[in-house]
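Hi,

Here is the structure I promised to pass on. Have a look, and my notes follow below.

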Amino acid sequence: MNADAPNGSVEQPAAKAGGSVPRGFPRSGRLLKHSDFERVYKQGRRHFSPHMTVFYLRRAEGAFPEKGSRVGFTVGRVLGGAVERNRMKRRLREAVRLRRSVLEDSGAVDVVGVDVVINPKKSVLKLEFAVVLEEVGRALDAIAKKLVEK
């Protein structure tokens with residue numbers, strides 16, 4: 001403990017950079033505009049799973065300067081208060097961060113990108129994180145396979 005530190009505080013070691021797990025959720029990898037969400041809902045396809053519905057749409061070439069996948073989350077007020085909705089988004093964001101490589105590694109988004117919108121059900125809040133992680137991975141894998149087929 002540092003002598004200059006106030007009582008009760010403990011120094012934390014710096015987080016190690018690198019590792020095999022991608023760090024962060026970059027802005028370029030997120031859907032941010034309302035118009036992008038609307039386009040995915042109206043023109044895209046759906047993948048249903050027990051605890052979420054995943055909408056996806058392959059982007060037209062030149063529509064977005066960067067290739068790769070962009071992911072957005074919609075959690076409506078009907079699913080709970082702000083605390084519960086934000087907790088769902090944090091859990092889903094982390095699951096996507098850990099499983100996102102499924103889309104990039106499959107070759108599905110090499111030529112053009114794909115936009116994905118995840119719409120969870122209330123049950124996501126009560127699930128073990130391992131189940132959420134597995135379900136997000138399965139959904140992204142299914143999307144990658146469907147995109148490669150085309």
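The side chains of D36 and R70 are joined by a polar contact of 3.4 Å (a pair of N or O atoms within 3.5 Å, where within protein one must be able to donate a hydrogen and the other to accept it, and residues adjacent in sequence count only if both atoms are side-chain atoms). Keep in mind that this is a predicted model: local features need pLDDT of at least 70, side-chain atom pairs count only at pLDDT 80 or more, and totals for chains, interfaces and linings use all residues. Residues are numbered from 1 along each chain as its sequence is written, and side-chain values use heavy atoms, with hydrogens and water left out.

D36 sits in helix α1, residues 34-43 (helices are DSSP runs of H or I, at least four residues, and strands are runs of E, at least two, numbered from the N terminus). D36 counts as buried because its relative accessibility is 13% (buried means under 20% relative accessible area, with a 1.4 Å probe and protein chains only). Apart from neighbours within four places in sequence, D36 is in contact with L31 and R70 (heavy atoms within 4.5 Å).

Now the sheet. It is open, with 4 strands in the order β1-β2-β4-β3 and mixed pairing (two strands pair if DSSP finds at least two bridges between them). β1 (45-49) and β3 (69-73) are the edges, each with a single partner strand, so one side of each has no neighbour in the sheet. β1 and β2 (residues 52-58) run antiparallel, joined by 5 bridges; S49 has M52 in β2 as its bridge partner.

Cheers

Note on methods: Buried < 20%, exposed > 50% of the residue type's maximum accessible area, 1.4 Å probe, protein only.
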